[in-house]
Amino acid sequence: MSTPVKKVPIHLQSSQNRLLIRHGQVVNEDGITEDDVYIEDGIIKQIGRNLIIPGGTRTIDARGKYILPGGIDPHTHFEFEFMGAKSVDDFYQGTKAAISGGTTMIIDFAFPKPGESILDCFYNYRQKADDKVCCDYALHVCLSHWSEQVKREMELLTKEHGVNSFKMFMAYSFMLNDGELYSAFEQCQKLGAVAQVHAENGSIIAKNVEKLLSKGITGPEGHELSRPEDIEAEAVNRACVIAKQVECPLYVVHVMSKSAAEKVNEARLRGTQVYGETLVAAIGTDGTHYCSRHGFQHAAGHVLSPPLRSDPSTPLVLMNFLAQDVLQLVGSDNCTFNKAQKELGKDNFTKIPNGVNGVEDRMSVVWEKGVHTGLIDPTRFVAITSTNAAKIFNLYPRKGYIGVGSDADIVIWNPNATRTISAKTHHQAVDFNIFEGMVCHGVPEYVIVNGRVIVDEGQLRAVQGYGRYIESPAFPPFVYDPEKVADLKPERNGTVEEEIQNIREIEKIHLEEKACSSPTPTIPEGNVLTPSGKGARPEGQRNIQDSSFSISEDLDVERKSCIRVRNPPGGKSSGFW
């Protein structure tokens, strides 16, 4: 049984099918070229100069601007129920805000409620998201406990539903112990999935909290005091050591301190396959905002875990680590709670719902702190805001890349324009912004999602339900050495363009086979089937696992982002498919 196909609004079906972007600089993580880009039916069809295109094509002049792959935010929490509250940005408001800032795909975390299986959790998140998302999305799945059932359902999610990443916690009441982490990492390695960890020493935090509360420290300043950076660093190191025992690729979410980042670097130098993500919050602000003189609402508005660090040099150090490839990605960890929700912890800092904004401002803040200051160039910007996420979670080159055959998720970036960040003007539902008053050089003037111009000369025209769930195939070749998993995948020699075209042909065949072999039930429009006695489970938009094909095994993933090339991988094309 298959999920009902969402109907695209008529005005989107009949307009903007063809688009030409001219006179801009095309930026991929491996170089910059001066090319035009022709888009048709949501796909990049031609890149080059003097392209032959059909009449009636809309043209956008990108002179003096950059043509970037749409941002991929690898870390969001929309409609997340946590610490007695639900995050106020839902999948509509959150993805709408993401697009306005230049992000065209998000990866959210499906977190199970008490007693809920991870399989049911996955489908509940699909049901919440599918009819709301304005851009494409994927899902990580959180493991709040460990059992044989969890182990079996991880396999189902990986092989049948396009989940290739699982998150474990080393803090909070649902943290896994070292033995459980070992088992979970081992299962990830077996399935070709990426293990993710929230790295803090939860046992030490609990003792610190006990001590601080006994001394009468109840305000937001107690949050960072209870979670000093050395216990973040200890947990990062411990997670890397455990992952190394089972040769499991590890992704450390929200690295928030210098010492934690150094532990990531030390593990990489020892040969551990580990990737570090920091947050836009960590490079755009710092923990001095926890000081009581700012008032409760301001301080509580900055509370997240691991916390912002009060050492004001931390943001610059983390930005330098991104420039040096010590850290590889910038996420937002967007998990927004309004002022009333934050007040749940007014008399006890441990009850302040953890989370801040960032999905809308991530691209601009990274550009301001990185490119505008000269620490990174536009190619590295593309890598840390889009391409590296696409590669790690096996979405590349469909996402995170401007090339023939890739999805037309594109940002036309004006490096000379400025904007001032404010809660009064942002598109998020939250009533507070941790970057309030920051002036950013670099603005997304046009944002194109699946070939449609959604931000048009700065005007946002998001469409609820326009996005799709995108499966993330197992064994991403950027993470798992293709030679070590060669027995699981056939050898290929095609170009990037041919690879993506083959993927689309495989998807079409699979959809036709499923349509012929299974009767389709009558389902009310907009409904999603649910599991566990509530109906059949929905299927994803595509299932590359059903084939023996992988999208990017023979790409040279070791290329340095600063190399300037004239032609993208696979060359340029001036003809039609």
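A nonpolar core is a set of buried Ala, Val, Leu, Ile, Met, Phe, Trp, Tyr and Cys residues joined through side-chain atoms within 4.5 Å. Buried means under 20% relative accessible area, exposed means over 50%, and partly exposed is in between (1.4 Å probe, protein chains only).

Before you start: this is a predicted model, so local features need pLDDT of at least 70, side-chain atom pairs count only at pLDDT 80 or more, and totals for chains, interfaces and linings use all residues. Residues are numbered from 1 along each chain as its sequence is written, and side-chain values use heavy atoms, with hydrogens and water left out.

**Exercise 1.** Find the largest nonpolar core and work out where it lies.

*Solution.* Step one: the largest nonpolar core has 143 residues, and F166, M168, F185 and L250 have the most contacts inside it. Step two: it lies between domain 1 (10-68 + 469-559) and domain 2 (70-392), because both give residues to it; these bounds come from an automatic or database domain assignment. Step three: another core, of 18 residues, lies apart from it and includes L19, I60, A408 and V453. As background, nonpolar side chains in soluble globular proteins tend to be buried together.

**Exercise 2.** Say where K167 sits and which residues K167 touches.

*Solution.* Start with the strand: K167 is in β11 (residues 165-169). Helices (H or I, at least four residues) and strands (E, at least two) are DSSP runs, numbered from the N terminus. Next, K167 counts as buried because its relative accessibility is 2%. Now look around it: leaving out residues up to four places away in sequence, K167 touches H75, H77, F109, V141, C142, L143, Q196, H198 and V253, where contact means heavy atoms within 4.5 Å. Finally, check the record: an unreviewed UniProt entry places "modified residue: N6-carboxylysine" at K167. UniProt positions are given in the numbering used here, feature names are shortened, and annotations may be inferred rather than shown by experiment.

**Exercise 3.** Is E29 buried or exposed, and what does its side chain contact?

*Solution.* First, locate E29 in the loop between β1 (18-28) and β2 (31-40). E29 counts as buried because its relative accessibility is 6%. Then follow the side chain: E29 makes a polar contact with the side chain of K391 (3.1 Å). A polar contact is a pair of N or O atoms within 3.5 Å; within protein, one must be able to donate a hydrogen and the other to accept it, and residues adjacent in sequence count only if both atoms are side-chain atoms.

**Exercise 4.** Judge which stretches call for caution.

*Solution.* Begin with the average: the mean pLDDT is 86, and 81% of residues reach 70 or more. pLDDT is the predictor's confidence in each residue, from 0 to 100. Then look at residues 487-493, where pLDDT stays under 50. Over residues 513-577 the pLDDT is also below 50, though this stretch has 168 contacts in the model beyond near neighbours in sequence.
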